[in-house]
Amino acid sequence: VGEAHAYDYRAGSPLGVLAIRGALAADDAVEPDGQNERRFVAGMRFAALHAAVWGIRSPKSCLHSMVAGAGGQAVVSPDQSRDAAKEERYFAATVVVARAGQGVLSTLRNVVVYGAEVSSVAELDRLRLGLAALVAAQ
């Protein structure tokens with residue numbers, strides 16, 4: 001990102017680097033100013049909700065659902081506090097993005113949550129679609 005942005009907090013993630021470069025905004029530029037920043041913020045919110053629900057960069061194993069008590073209740077350790085409101089917002093956001101396509105959701109998660117680099121124009125387009133869906137749903 002260069003020396004000019006070396007201390008920009010966004011420079012620490014692939015999503016942030018794209019935001020610094022202005023690459024999150026639509027190519028046609030017919031949408032209002034600030035689109036790039038709104039998409040970056042929406043992506044960061046999605047990442048924060050993902051971390052609140054699943055933990056940082058590590059989805060929970062579905063094994064916890066299989067290990068259930070006689071009453072059908074999943075075994076959850078006492079230190080795992082659940083925030084139902086965050087879970088609801090996360091899953092609602094996931095549905096909104098998935099409506100744009102599973103590839104869009106997969107690309108969004110890979111870049112925003114897991115820190116993967118965007119390696120093609122098609123991936124960047126899918127990322128933009130996912131971020132635009134998040135912004136529109138807010």
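Reader: What percentage of the 138 residues in the protein is made up of buried residues?

Author: The structure is a predicted model. A residue counts as buried when its relative accessible area is under 20%. Of the 138 residues in the protein, the buried share is 31%.

Reader: How many helices and strands are there in the protein?

Author: Read along the sequence, the elements follow the pattern α-α-α-α-α-α. The count for the protein is therefore 6 helices and 0 strands.

Reader: Is R10 buried or exposed?

Author: R10 is placed in the segment before α1 (14–21). Its relative accessibility is 15%, and the cut-off for a buried residue is under 20%. R10 therefore counts as buried.

Reader: How far apart in space are R10 and F40, C-alpha to C-alpha?

Author: Leaving aside neighbours within four places in sequence, R10 is in contact with G16, V17, A19, I20, E37 and F40. In sequence, R10 and F40 are 30 residues apart. In space, their C-alpha atoms are separated by 9.0 Å.

Reader: Which helix gives the most to the lining of the largest pocket?

Author: The largest pocket has a volume of about 250 Å³, and its lining includes A42, R45, F46, R89 and L134. At least two lining residues come from each of α2 (35–54), α4 (84–98) and α6 (121–137). With 5 residues, the helix that gives the most is α2.

Reader: How many nonpolar residues are in the lining of the largest pocket?

Author: Sorted by class, the lining has 1 polar and 2 charged residues.

Reader: Why does the pair of F46 and Y90 tie together parts that are apart in sequence, and how many residues separate them?

Author: F46 lies in helix α2 and Y90 lies in helix α4. The pair therefore ties together parts whose separation in sequence is 44 residues.

Reader: Which residues do ring pairs link into a cluster?

Author: Y90 also pairs with F91, edge-to-face, at 5.1 Å centre to centre and 70° between the planes. Y90 is buried, with a relative accessible area of 1%, whereas F91 is partly exposed at 38%. The cluster linked by ring pairs consists of F46, W54, Y90 and F91.

Methods. Residues are numbered from 1 along each chain as its sequence is written. This is a predicted model: local features need pLDDT of at least 70, side-chain atom pairs count only at pLDDT 80 or more; totals for chains, interfaces and linings use all residues. Side-chain values use heavy atoms; hydrogens and water are left out. Helices (H or I, at least four residues) and strands (E, at least two) are DSSP runs, numbered from the N terminus. Buried means under 20% relative accessible area, exposed over 50%, partly exposed in between (1.4 Å probe, protein chains only). Contact means heavy atoms within 4.5 Å. On a 1 Å grid over the protein atoms alone, a cavity is a set of points where a 1.4 Å probe fits but cannot get out, and a pocket is an open set with protein on both sides within 12 Å along at least five of seven lines; lining residues have an atom within 4 Å of a point. Grid points are joined across faces, edges and corners, and a volume is the space filled by probe spheres set on the points. Ala, Val, Leu, Ile, Met, Phe, Trp, Tyr, Cys and Pro count as nonpolar, Asp, Glu, Lys and Arg as charged, and the others, Gly among them, as polar. Rings of Phe, Tyr and Trp (its six-membered ring) pair if their centres lie within 6.5 Å; planes under 30 degrees apart count as stacked, over 60 as edge-to-face and the rest as tilted.
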